[in-house]
Amino acid sequence: MEQFFTTLSEVFGSVFYNTHSYWVYRHYNPNAGDHHYTMSKNEMNSLVTARWNYEGIGWYSDDDKAVALQRLYNPNALSGSHHYTISTSERDNLIEVGWNYEGLAWYGMK
């Protein structure tokens with residue numbers, strides 16, 4: 001299967017990241033087949049300790065904080081348990097049906 005997505009570090013190199021304040025770290029769980037994204041260094045380190053594969057910096061969060069992406073967690077899912085959205089109505093609907101709101105994930109560009 002051809003890979004369509006790559007990390008920004010593979011495209012631009014590490015110099016690209018020196019100009020941005022907030023990085024989004026990418027992890028992979030080989031047991032569940034899930035990817036997980038976070039700006040938190042503590043969460044990044046916790047995932048590595050829990051045997052998730054650290055895949056590097058996926059991209060950077062917009063320093064201008066133009067578009068807030070919210071993160072939710074489905075406690076009933078075995079894999080694919082996180083969802084990211086910019087829609088407050090989608091966020092609220094997911095919370096209503098049992099998803100846990102985890103707060104700001106990162107900022108996207110307009």
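D92 is partly exposed, at a relative accessible area of 38%, where partly exposed lies between buried (under 20%) and exposed (over 50%), computed with a 1.4 Å probe on protein chains only. The model is predicted, so local features need pLDDT of at least 70 and side-chain atom pairs pLDDT 80 or more, whereas totals for chains, interfaces and linings use all residues. Residues are numbered from 1 along each chain as its sequence is written, and side-chain values use heavy atoms, without hydrogens and water.

**Salt bridges**

- The structure contains 4 salt bridges, each a side-chain nitrogen of Lys or Arg within 4 Å of a carboxyl oxygen of Asp or Glu.
- D92 pairs with R91, their closest N and O atoms being 3.0 Å apart; R91 is buried at 19%.
- Salt bridges with shared partners join E43, R71 and E102 into one network.
- In the bridge between R71 and E43, the closest N and O atoms are 3.0 Å apart.
- This pair links distant parts of the chain, R71 in strand 4 (residues 67-73) and E43 in helix 2, 28 residues apart; helices (H or I, at least four residues) and strands (E, at least two) are DSSP runs numbered from the N terminus.
- R71 is buried at 11% relative accessibility, whereas E43 is partly exposed at 23%.
- E55 and R26 form a salt bridge at 2.5 Å, N to O.

**Largest pocket**

- Its lining comprises 13 residues, with H35, H36, Y37, H82 and Y84 nearest the centre; a pocket is an open set of points on a 1 Å grid, where a 1.4 Å probe fits, with protein on both sides within 12 Å along at least five of seven lines, and lining residues have an atom within 4 Å of a point.
- Strand 2 supplies the largest share of this lining, 4 residues.
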